[in-house]
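Please look over the model below alongside these notes. They go helix by helix and then take up the packing between helices.

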Amino acid sequence: MSNPKRGELKIVLGEKKYNGKVTLDVIMRIERQMGKGIVKIAQSLSEGDITTEQIIGVITPVVRGGGNDIKEADIKKDIWECGLAESLRVCSEIIAQTLGAGG
């Protein structure tokens, strides 16, 4: 069972289920990948101003943070199979979790 207070969450991409974890390191990786702070990332999401590459850049480090030894190519395949709308929903959940992490 995941514990949101510890940054843990379940990530479901179609048929694939992963344990994910948001840590300060993961947040920093996401910010570095996207070239902006987490609040600006949340704003971009709410405005629909996010690319597929950025969605992958959010999901991948969180899945790896959950202890999964997974390649970015595997996440790409999962996203393609489950669809972009579902992937965007997962990305939004991660960002919402990230904004509440540590609190």
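**Notes on the helices and their packing**

1. Helix α2 is followed by G48, whose phi is positive, near 70 degrees. Helices here are DSSP runs of H or I with at least four residues, strands are runs of E with at least two, and both are numbered from the N terminus. The model is a predicted one, in which local features need pLDDT of at least 70 and side-chain atom pairs count only at pLDDT 80 or more, while totals for chains, interfaces and linings use all residues. Residues are numbered from 1 along each chain as its sequence is written, and side-chain values use heavy atoms, with hydrogens and water left out.

2. Which residues of α2 are buried? They are I38, I41, A42, S44 and L45; buried means under 20% relative accessible area, exposed over 50%, and partly exposed in between, with a 1.4 Å probe and protein chains only. Seen down the axis of α2, these buried residues fall within an arc of 160 degrees, so they line one face of the helix. The arc is that of the directions from the helix axis to the C-beta atoms. V39, K40 and S46 are exposed on the other side of α2.

3. The buried residues of α2 pack against α1 (24-34) and α5. Contact, in this note, means heavy atoms within 4.5 Å.

4. S44 belongs to α2, which spans residues 38-46. The relative accessible area of S44 is 6%, so S44 is buried. Its side chain is joined to that of K36 by a polar contact of 2.6 Å. A polar contact is a pair of N or O atoms within 3.5 Å; within protein, one must be able to donate a hydrogen and the other to accept it, and residues adjacent in sequence count only if both atoms are side-chain atoms. Leaving aside neighbours within four places in sequence, S44 is in contact with K36, D49 and I50.

5. Q54 is in helix α3. With a relative accessible area of 19%, Q54 is buried.

6. In helix α4 (residues 72-82), the buried residues are I75, D78, I79 and C82. They cover an arc of only 100 degrees around the axis, which puts them on the same side of α4. A73, W80 and E81 are exposed on the other side of α4. The elements covering the buried residues of α4 include β1 (8-13), β2 (16-21), α3 (52-65) and α5 (84-100). After α4 comes G83, with a positive phi near 100 degrees.

7. How do α3 and α4 pack, and at what angle? The angle is about 120 degrees, and the axes are 10 Å apart. Axes are lines fitted to C-alpha atoms, for helices over the stretch in contact, and angles run from 0 to 180 degrees between N-to-C directions. The two helices, α3 and α4, are therefore oblique to each other. Angles under 35 degrees count as roughly parallel, over 145 as roughly antiparallel, 65 to 115 as roughly perpendicular and the rest as oblique. The residues that meet are I55, I56, I59, T60, V63 and R64 in α3 and E72, I75, K76 and I79 in α4.

8. The crossing of α3 and α4 is right-handed, whereas that of α3 and α5 is left-handed. A crossing is left-handed if the near helix is turned anticlockwise from the far one by less than a right angle, and right-handed if clockwise.

9. α3 and α5 pack at an angle of about 55 degrees, with their axes 10 Å apart, and α3 and α5 are therefore oblique to each other. From α3, the contact is made by T52, I55, V58, I59 and V62; from α5, by L84, S87, L88, V90, C91, I94 and I95.

10. L88, in helix α5, is partly exposed, with a relative accessible area of 32%. Apart from neighbours within four places in sequence, L88 is in contact with L45, I50 and I55. The C-alpha atoms of L88 and V12 are separated by 12 Å, and these residues are 76 residues apart along the chain.

11. R29 is found in helix α1 and counts as partly exposed at 45% relative accessibility. Its C-alpha atom is separated by 8.6 Å from that of V58, 29 residues apart along the chain.
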